[in-house]
Amino acid sequence: MKMKPVINIEILRRPTSVISSRDLKSHVEQEIHNIGKIEPGTKLTQFSNKVLTDNVEIIEICELDGENNLHEKLADLKNEFYPKDVVCRYHVYRMNREGAQLECMDVGDNGEEDQPVAHHWILPSSDFHGLWESLVYDCGVKENLLSYMEATMLFSDCGVDTNIISWNRLVLLYGPPGTGKTSLCKALAHKLAIRTGSRYTHGQLVEINSHSLFSKYFSESGKLVVKMFDKIKELIEDNNSLVCVLIDEVESLTRARESSMSGSEPSDLIRAVNSVLTQIDQMRKYPNVMILTTSNITEAIDVAFLDRADIKQYIGLPSYHAIFIIYMSCIKELIRVNIILSNPEMDSLTFGRLSLDQGEKEENKNVQRLLAVSRLSVGLSGRMLRKVPFLAHALFVKARTVSLDAFISAMESAVIHQKHDTK
């Protein structure tokens, strides 16, 4: 028997909402069925139900479970579903709007220096709202990470013996700078806090500043690592909280010990690496923690750390296809805020359903020109691609509003300008 596809529906409560999650889900379910066809990527802010108007800021129809290929996803024009044909998973959540808190720690021989070592968010956080959806990759990176997290929790819930089947709750994203590794980790933590709202009251994200854990006092770095993880363990002791630990540029803390043994690195580094590995091993017993790490230089990472990572995912530069989707989303946003004058032909296009092949067959001349700019942009990082529309306006438009035709020309000039500067 063929199983129905599963679609995730996220419901953002208003700060003043007091209705129970169960009742709110019932009202949302009725609203979804009244709509008829639903499409992934749709955001609802207007409701026929007064209860929803009073209690909900936005309802987002998210991805289908099992959608793990960008090309397959975009090539499927039949991307609309009747609620009766899918299984809807409803996730109700509140947004924390306080932002990051700076975590400090005493360092030095006598603990006389107070040094910032991490940033701490309560999740879901307004700082990361919409970040997950803005990240575009060619393969199923995001979906695979979510599936990994679900499997981790399932194995923990079922009491799988870790001596027989091993997993370390450790993910490593690696690749060139500017490809969105850190953003993906933060977006993943935010998304997990939403998706696990039925089992955890809130999530927490601790972003460790790796460089701050290296002390100017010899032999103190290992102690600082232990002290930092002791603080994290205090957070993990709260069983109602999902704790995600982000270590950016993890090679700073896990540099290969062979270089230290050969005398090219200080022996204090060996102690720090040993401390990190020990702390990771101790984290395995906690079901409510995930360790997310990134690196630009995997060759420098100690092999013992690499061996502990459950997933080692390469995040490369965006392809021509992904660039096209990124640019389409940017143009849609600038049309929304009236910087680019509204274009009926572009307004009718749903970029989330427009595949590369279909785009190349599209008669719309602006789509064809945007495809050409996308080809020209191959080799730029995701970070740079998101800046291209701003640079186009700043350097080549210099006006409050602009036509779509003129803006695409400006984007082409901005890409050429950026590539020239890079060379």
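Colleague: What is the relative accessible area of R97?

Modeller: It is 46%, so R97 counts as partly exposed. That class sits between buried (under 20% relative accessible area) and exposed (over 50%), using a 1.4 Å probe and protein chains only. Bear in mind that this is a predicted model: local features need pLDDT of at least 70, side-chain atom pairs count only at pLDDT 80 or more, and totals for chains, interfaces and linings use all residues. Residues are numbered from 1 along each chain as its sequence is written, and side-chain values use heavy atoms, leaving out hydrogens and water.

Colleague: Which side chain does R97 meet in a salt bridge?

Modeller: That of E57, at 2.9 Å from N to O. The two come from distant parts of the chain, 40 residues apart: R97 is in the loop between β4 (87–93) and β5 (101–107), and E57 is in strand β3 (residues 56–64). E57 is partly exposed, at 23%. A salt bridge here needs a side-chain nitrogen of Lys or Arg within 4 Å of a carboxyl oxygen of Asp or Glu. Helices (H or I, at least four residues) and strands (E, at least two) are DSSP runs, numbered from the N terminus.

Colleague: How many salt bridges by that rule?

Modeller: The count is 12. E10, E133, K191 and R195 are linked in a network of them.

Colleague: What about E207 and K186, buried or exposed?

Modeller: Both are buried. Their side chains form a salt bridge at 3.6 Å, N to O. E207 is in strand β8 (residues 202–208) and K186 in helix α6 (residues 181–195), so the pair ties together parts 21 residues apart in sequence.

Colleague: And which residue does R336 bridge to?

Modeller: E333, with the closest N and O atoms 2.8 Å apart. Both are in helix α11 (residues 320–336), 3 residues apart, so about one helical turn separates them. R336 is exposed at 59% relative accessibility, while E333 is partly exposed at 38%.

Colleague: Switching to the sheet. What is the strand order in the open sheet of 4 strands?

Modeller: β2-β3-β1-β4, with mixed pairing. The edges are β2 (43–44) and β4, each pairing on one side only. Strands pair if DSSP finds at least two bridges between them.

Colleague: How many bridges join β1 to β4?

Modeller: 7, and the two strands run parallel; β1 covers residues 6–13. β1 also pairs with β3, antiparallel, over 6 bridges. Take I7: its bridge partner in β4 is C88, and in β3 it stands opposite L64.

Colleague: How many β4 residues are buried?

Modeller: 5 of its 7, so β4 is mostly covered.

Colleague: Which residues lie nearest its centre?

Modeller: Y137, G178, T179, G180 and K181, out of 29 lining the second largest pocket. The elements giving two or more residues to that lining are α4 (131–134), α6, β11 (311–314) and α15 (382–397).

Colleague: How does the lining of the second largest pocket split by class?

Modeller: 12 nonpolar, 11 polar and 6 charged. Nonpolar means Ala, Val, Leu, Ile, Met, Phe, Trp, Tyr, Cys and Pro; charged means Asp, Glu, Lys and Arg; the others, Gly among them, are polar.

Definitions and conventions: On a 1 Å grid over the protein atoms alone, a cavity is a set of points where a 1.4 Å probe fits but cannot get out, and a pocket is an open set with protein on both sides within 12 Å along at least five of seven lines; lining residues have an atom within 4 Å of a point.
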